[in-house]
Structures are given as C-alpha cells and as structure tokens.
Amino acid sequence: MTERTIVITGASDGIGAAAAAMLSAQPDVRLVLVGRTESKIRAVAESLGAEFHVCDYSSLDQVRALAATLSEKHPAIHVLANNAGGVFAPRTVTVDGYETTFQVNHLAGLLLTELLLPSLVAGKAKVIFTASMAAFQGNIDLADLGKETGWTSFGAYGAGKLANIITARAMQRRYPAREISVVSFHPGVVATSFGSRGGRLVKWLYGSWLGKKVMLTAEQGADTLVWLATTTPGVDWRPGGYYVKRKLTAPPAQADSDAFGDRFLEASELLIR
C-alpha cells in the first residue's frame, strides 16, 4: 500500500490530537501535525513519531510559510484536516487587519488549502473542515465579514464555523471530486481546552464539572474526522456534504445557497491575496 500523507492542523490537543493518535494506528500513514504552541505540538508529535510544524493562524504570513514548507516536503498530500480554530474574547484584530475569530476559523484554513492545491490534487486528497452546530447560530454579512457591528464572541464563532461549511460546499463545486473531495463535519460538544480563550459563559461551560460531565471525549469528537479520513468519498460519504455523527445532515440555510456560497468564497479569497 502506498504511504498516505495526512496533515492535521490544530493537532496540539483536543480533537486534533485524538484524531492523530487514532490515525497513527493505521497502516502506511505519514502524519504531519500543525499547532500554535511549539511545546505542545512537539510533545504530541514525538509521542506518535510524527512530523510537526508550528503555525499561528493569527498571522497569514505564518500560514504562507507553512504552506511553502509543506508543498516542498510533500508533493502529494492525501488528507488535509482543517481542524484549527477557536472562540475568542474580547474582539481583537490580527496583524493582517482581520477580526481574529474570522481569520483563525476561516481565512487561515482557506489560505492553507488553496496554497496546497497542487499537492492536494496530486494526492486526490480529502479536505476535511471541522465545523460546528454553532454554525446554525451564525450569520454572515458580506458587507461586514469582520462583524464590526453587533460583535459577540459566540456569534463570531458561529459565523466562522458557518464559513467552514460554506467553504467546503463551494470548493467542491469548483473542483471535481476526481481531483479533491471536500467535506465538513460537526464533532459534537467536546470536553477540550477549546473554550479557554472565549467569553465568560464559554469559559465557565468548558471549565465546569457539569460541562465536562455532559460533553463528549476528544476521541468521541474525533470519530467522524477519522471516519472521513479513512473511507471513500462518493461511496461512504458525499463530497461537499456536512456530517454529524457520520450522517449526512442538512446545513444552515446560508450554506444551502450555492449562489451565496460562491460569492462568499470569492470575497474571502480577495482578503487573502
């Protein structure tokens, strides 16, 4: 069997680290892990014998540098799991001038994907976006992508996750499934460090004993990601689809509009050029 190169972003802990551990048990897999904090991503990678790279998604220049390195080292990539993301408070703007939640959850992953397209097409890759049911609480205004009006921490996060679903669908319309297969999924509400940089309510929920009792484990949250990464698009799952617990699920209304999705993808690409 030909060795498969699997790139996972946001792999320092939580769903990304759990998925990496589960995929490391697969035969002929070469794991490439990406994280924001060097000490954390190094520890995960070394425990699995994996390659790792450090990249802070709040800097698009770091994303461009990561893409250049990955493209040089891996002329064919078979899976790209766009898993990095988070919820942030208060509202801040990155060095690139974009609202942090929008950039970290959407723009950075889109940029990485598009810069890696030659390697992804060479590997007939599966491109997987970790979205969230929070997308159903999100709304995207093409005239106010940074939510300069009416910003809330969870509203910005919901919009970022909605962007993941829209992007997966729009990219799949653009690229034939014989070249790449793009999909998004909701991992469930998972007990991770995800909420540590969010608002007061999010911090309380993710830090409380009650929250941890009702939430899924990281391994449970990673299940659908691993399933998408190891099964066959067009047979086991539909490219462009949105999945919850391995089941194809209707997306939020904005994501269901092809015309809106195409406009949104084009608007996003103008921001990362």
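Let's start with a pair of neighbouring strands: β2, spanning residues 29-35, pairs with β3 in the parallel sense, and four bridges link the two. Along this pairing, Val32 stands opposite Glu51 in β3. Keep in mind as you look that this is a predicted model.

Now step back to the whole sheet. These strands belong to an open sheet of eight strands, ordered β3-β2-β1-β4-β5-β6-β7-β8, and the pairing is mixed. Its edge strands are β3 (51-54) and β8 (247-248), each of which pairs on one side only. In general, strands of a sheet pair through backbone hydrogen bonds, in either a parallel or an antiparallel way.

Helix α1, residues 14-23, touches β1 (4-9) and β2, and its direction makes about 165° with that of β1. Helix α6, residues 153-174, also packs on the sheet, where it touches β5 (126-130), β6 (181-186) and β7 (242-244). The direction of α6 makes about 155° with that of β6.

Finally, have a look at helix α10, residues 258-272. Which residues of α10 are buried? They are Phe260, Gly261, Phe264, Leu265, Ser268, Glu269 and Ile272. Because these residues cover an arc of only 165° around the axis, they lie on the same side of α10.

Methods
Residues numbered from 1 in each chain as written. Predicted model: local features only at pLDDT ≥ 70, side-chain atom pairs only at ≥ 80, totals over all residues. Heavy atoms only, no water. Pairing = 2+ DSSP bridges. Contact = heavy atoms within 4.5 Å. Axes fitted to C-alpha atoms, helices over the stretch in contact; angles between N-to-C directions. Buried < 20%, exposed > 50% of the residue type's maximum accessible area, 1.4 Å probe, protein only. Arc of directions from axis to C-beta.
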